[in-house]
Amino acid sequence: MARTSLLASVLAALVVACSGSGGGEAASPAHSPVPTASVGTTSPAAPGGTAAPPSPTVSKTAAAGSTGPRVDARSWSSQPATATRQPARPVRLVSLRSATNVENGVRFERLVLEFAGGVPGYRAQFVPQVFRPGSGAPLPLSGQAAFELVLTSAAAHDDQGSSTLRTPPDGGDRSGLSYALAGDFEGTVHIGVGLGRVAGFRVVELTGPDRLAVDFLS
C-alpha cells in the first residue's frame, strides 16, 4: 500500500509539471506590432478630454495676393475703392477731363468727372484689361496698366437717349494717361483709364459743381 501511494504521488507531480510548461506558451497571445501615429496628424487634447481639430494652414500666397476695398477711399493705395449710393434717380455725367497736379510736393495725374444731380456710387480698381460692357470688346487704352471706374446709379445720356457729355468721351494728357467712356446702360457708366504703371490712387469727392476726382501718383 505504501509503495502504491508513493507511485501515485510521483505520477501526479509529473502531470502538474508538464501542464505548467506547455500551458504557458499556449496562453500567451500572438505578438503584433504597435501602430505608430504619423507626425502632424495627432491633435492636442482639448479641455474635457476631446481631441481638438487640426489648426488650419494659412496660404501665404493667397494672403499676399488678397485685396479688398480700402477703409478710406481718400487715402493713397492701389487696392480697390468703393462707395455705395442709391439716389432717387440716376445722376448725369456731364464732363470728363484730366490734368497734372501738385499738392504739398506730391505730383499726381487727376481725372475729373463732373455730374448734374449729385455724386453717384462707384467702384474703382486696377484690372488686367477694360472691356466694353455688353459687347465684351476690349477698350483700347495707352499705357501698361489698365484701370476701371464703374459708376452706379448714373447715366451719360438724358431721357431721350442723347449724350449729356459737354466734353469728348475720351482723351488724355501729356503724362501718358488716357481715358475713354467704355459703356453707358442700365444705370451704370463704365470708364477705362490707361496708365504707365500700377500706382497708388485716391478718390476725392468735390462739390460746387458735383465732381469725383480720381488721382494717380505720378
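Rings of Phe, Tyr and Trp count as a pair if their centres lie within 6.5 Å. By that cut-off, this predicted model holds six aromatic pairs. Four residues, Phe 126, Phe 147, Phe 201 and Phe 216, form one aromatic cluster.

Start with Phe 126 and Phe 147. Their ring centres are 5.1 Å apart, with 80° between the planes. Planes over 60 degrees apart count as edge-to-face, and this pair is edge-to-face. Phe 126 sits in strand S4, residues 121–127. Phe 147 sits in strand S5, residues 145–152. The pair therefore ties together parts that are 21 residues apart in sequence.

Next, burial. A residue is buried if its relative accessible area is under 20%. Phe 126 has 16%, so Phe 126 is buried. Phe 147 has 1%, so Phe 147 is buried too.

Phe 147 also pairs with Phe 201. Here the centres are 4.8 Å apart and the planes stand at 75°, so this pair is edge-to-face. Phe 147 belongs to strand S5, while Phe 201 belongs to strand S10, residues 201–206. The contact therefore ties together parts that are 54 residues apart in sequence. Phe 201 has 0% relative accessibility and so counts as buried.

Phe 147 has Phe 126 as one partner and Phe 201 as another.

Arg 202 lies over the face of Phe 108, at 5.1 Å from the ring centre.

Methods: Residues numbered from 1 in each chain as written. Predicted model: local features only at pLDDT ≥ 70, side-chain atom pairs only at ≥ 80, totals over all residues. Heavy atoms only, no water. Phe/Tyr/Trp six-rings, centres within 6.5 Å; stacked < 30°, edge-to-face > 60°. Helix = DSSP H or I, 4+ residues; strand = E, 2+ residues; numbered from the N terminus. Buried < 20%, exposed > 50% of the residue type's maximum accessible area, 1.4 Å probe, protein only. Lys NZ or Arg CZ within 6 Å of the ring centre and 35° of its normal.
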